[in-house]
2 protein chains.
Amino acid sequence: MAEREAERSVSQTVHAQLALRELIVSGGLRPGERISELQAVEVTGVSRTPVRMALVRLEEEGLLEAIPSGGFMVKAFSERDILDSIELRGTLEGLAARFAAERGVSSRDLEPLKQCLDEIDGLVRQEPISMEAFSSYVALNARFHVLLAELSRSPPLIRQIDRASALPFASPSGFVMAQSALPEARQILLIAQDHHRVVVDAIENREGARAEAIMREHARLAARNLRLALRNRTHLDLLPALALISTG
Amino acid sequence: MAEREAERSVSQTVHAQLALRELIVSGGLRPGERISELQAVEVTGVSRTPVRMALVRLEEEGLLEAIPSGGFMVKAFSERDILDSIELRGTLEGLAARFAAERGVSSRDLEPLKQCLDEIDGLVRQEPISMEAFSSYVALNARFHVLLAELSRSPPLIRQIDRASALPFASPSGFVMAQSALPEARQILLIAQDHHRVVVDAIENREGARAEAIMREHARLAARNLRLALRNRTHLDLLPALALISTG
DNA sequence: TTTGCACCAAATGTATACATAAAGTATCCA
DNA sequence: TGGATACTTTATGTATACATTTGGTGCAAA
């Protein structure tokens, strides 16, 4: 064992799950393509049992789909599936924002969110925005959404948001944003940043309904942008678009 | 093999999953109690491998929780967890209702829903309502909710609703409703029935916002009723209350 | 040439064997 | 008598062996 040097502390199953997810998300396997256990064993370097566990978990996670005759394939999503997932996530996050507002979070709780937004500000203020800054934005934005979900203090809701995010957040890894799209991307990022600030403000002022409405509107806008980007794919390809919009 | 007579057509894994879920949901294992693989093997009659698969799936489903030192335990939910889950489900179903309305379902699509409601009408019209009628109601009500979710034609949303329902719908199996609570239960059922009819009507008339609002309100009311029932548990115990309210 | 049947190969589902870590117990020392 | 340590036992995590089913290929017959 331990033929692959690293990842020694985590269980084989977790290691396999991470490795396979990376493989799927990075596009190493096409949607609809079958993923054989033998292949998974070779990729992960662990035996069939933990690989199998990882496959089951990835199926439950929504990245794989069971083939009736046996085995798993990479799940394929339609354009509408993705748009729906964005709105779905927005709806859940709206609920989270409302819970946070209604349950009275302290200023201390909001501090990490504000700090996160400040960091994003530092990134998007650059003109033109750099490729590295954009990548950092994606990571920071994901963190903001996680923090917001946790602010609801509702384990069931956090859990659901986590699952709902699997699809929209699945794409960024390994994508390449076209240089020419960066200015347009920056504009969208600025708007998203505005929304986020308003949400935090609403939560701070205990305005649950407003907080919820903003998050939902935010998601609807993101879905609309993606729809437009997909219609005239002049410089936005599917994956970059996802990375750009769905993480807004 | 095939020592246990039935269930021959489904895979061992699925059989184990169903058997273990039944065990958990029926209260055969207390929340927080550890579920050993050996025990699971004895209960299901299959070997450790499929049992293990089933345990992983049940964990992803939210009924089990992994113990850091190894193995699984029955997940314990707080009162707030359950209330949140109800509202969560209502929110998702509201989205489903809106999707259904906006995407223009045909009258043919609505037929099964109406038929389902008519059957429920036949049950709750009895005065006093019988125990059998109440049990039938629970099953029919679950069917209505499934049909409504499917009406959204959104696989990601249907999937999420399915997961969100795991908790609220987990309780009915094997519960016993107190005879004395039946009249009160009937009143709540009648209100729920009203809500359901309004939702179907809103969908039919393409009023997405209204359809969504009703479903959310419906869930909030259910949560409120449950909260009241839990406060003065004179004749409503936790499980019956869940069965009653959360399936409303 | 095409269709159908049979056989073969490969991959999945299942069972079990093995290793490691955790928990419980007993014994010994303070 | 109480606590700590070592040992034993048990249960989980992993690896592998076995069986069954699926899919493909080849041969034969129409």
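Colleague: How many salt bridges are counted between chain A and chain B?

Modeller: Please note that this is a predicted model. A salt bridge requires a side-chain nitrogen of Lys or Arg within 4 Å of a carboxyl oxygen of Asp or Glu. One of the pairs is B:Glu212 with A:Arg216, whose closest N and O atoms are 2.5 Å apart. Between chain A and chain B the count is 12 salt bridges.

Colleague: Which helix of chain A gives the most residues to the side that touches chain B?

Modeller: On that side of chain A, at least two residues each come from α3 (48-61), α4 (79-102), α7 (155-166) and α9 (208-231). With 11 residues, the helix that gives the most is α4(A).

Colleague: What area do chain A and chain B bury between them?

Modeller: The size of an interface is often given as the accessible area lost when the parts come together. Here 32 residues of chain A are in contact with 32 residues of chain B. Carbon and sulfur atoms hold 49% of the buried area, which is about 3000 Å².

Colleague: Over the ring of which residue does the charged end of B:Arg103 sit?

Modeller: In chain A, A:Arg103 lies over the face of A:Phe99, at 4.0 Å from the ring centre. In chain B, the charged end of B:Arg103 is 4.0 Å from the centre of the ring of B:Phe99.

Notes: Residues are numbered from 1 along each chain as its sequence is written. Chains are lettered from A and ligands numbered from 1 in the order in which they are written. This is a predicted model: local features need pLDDT of at least 70, side-chain atom pairs count only at pLDDT 80 or more; totals for chains, interfaces and linings use all residues. Side-chain values use heavy atoms; hydrogens and water are left out. A charge sits over a ring if NZ of Lys or CZ of Arg is within 6 Å of the ring centre and within 35 degrees of the ring normal. Contact means heavy atoms within 4.5 Å. Buried area is the accessible area (1.4 Å probe) that two parts lose on being put together, summed over both. Helices (H or I, at least four residues) and strands (E, at least two) are DSSP runs, numbered from the N terminus.
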